[in-house]
Amino acid sequence: MESQNYTNHKRYYPPHHFVYLPLLAVLQVLGVWKSFSDEQNPLVWQLFSLVIFLLLFLAIMLRQHYALGNQNRIIILEFKQRYFELFGKRSDEVAEKLSFDQIAALRFAYDDEFKILLERTLSENLSGDTIKKSITGWNPDFQRV
């Protein structure tokens, strides 16, 4: 990937943003127009418009996917902040060595156990599930959707 700057910082999911949503919008307009202009089959076009509307609604509901992406980003930032607070130094080098599953699992440990599990994870490459099973004092996260 090229380095990021102002002109290329936006992120699109091309099949969703440039194919699926425009296609549904065109089909919705067509369906509504035909339901009024086709005197022989207005009910068919109304049903067609309803189905397209439901598909469009479902596509918009995919925004939940984007919300989860943001939550994942926040979890990584929380890890970096916590690492800085506990160790007094930047975590970029450490964070690059860990997978998201490992970072997400470590957030359930309180500070003392976090330090121990982080060292073990870096030396033994523990999986996220193994980290979670190793936690004795669970620090819950009730805000994850």
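Are phenylalanine 79 and phenylalanine 114 buried or exposed? Both are buried (under 20% relative accessible area; exposed is over 50%, partly exposed in between; 1.4 Å probe, protein chains only). This is a predicted model, in which local features need pLDDT of at least 70, side-chain atom pairs count only at pLDDT 80 or more, and totals for chains, interfaces and linings use all residues. Residues are numbered from 1 along each chain as its sequence is written, and side-chain values use heavy atoms, with hydrogens and water left out.

**View 1. Phenylalanine 79 and phenylalanine 114 form one of five aromatic pairs.** Rings of Phe, Tyr and Trp (its six-membered ring) pair if their centres lie within 6.5 Å; planes under 30 degrees apart count as stacked, over 60 as edge-to-face and the rest as tilted. Here the centres are 5.8 Å apart and the planes stand at 55°, so the pair is tilted. It links distant parts of the chain: phenylalanine 79 lies in helix H3 (residues 63-87) and phenylalanine 114 in helix H6 (residues 111-124), 35 residues apart. Helices (H or I, at least four residues) are DSSP runs, numbered from the N terminus.

**View 2. Phe79, Tyr83, Phe87 and Phe114 make up one aromatic cluster.** The charged end of arginine 82 sits over the ring of phenylalanine 114, 4.3 Å from its centre (CZ of Arg or NZ of Lys within 6 Å of the ring centre and within 35 degrees of the ring normal).

**View 3. Phenylalanine 108 and tryptophan 138 are stacked.** Their centres are 4.6 Å apart, with 15° between the planes. Phenylalanine 108 is in the loop between helix H5 (100-106) and H6; tryptophan 138 is in the segment after helix H7 (128-134). Phenylalanine 108 is buried at 11% relative accessibility. Tryptophan 138 is partly exposed, at 39%.

Definitions and conventions:
Helix = DSSP H or I, 4+ residues; strand = E, 2+ residues; numbered from the N terminus.
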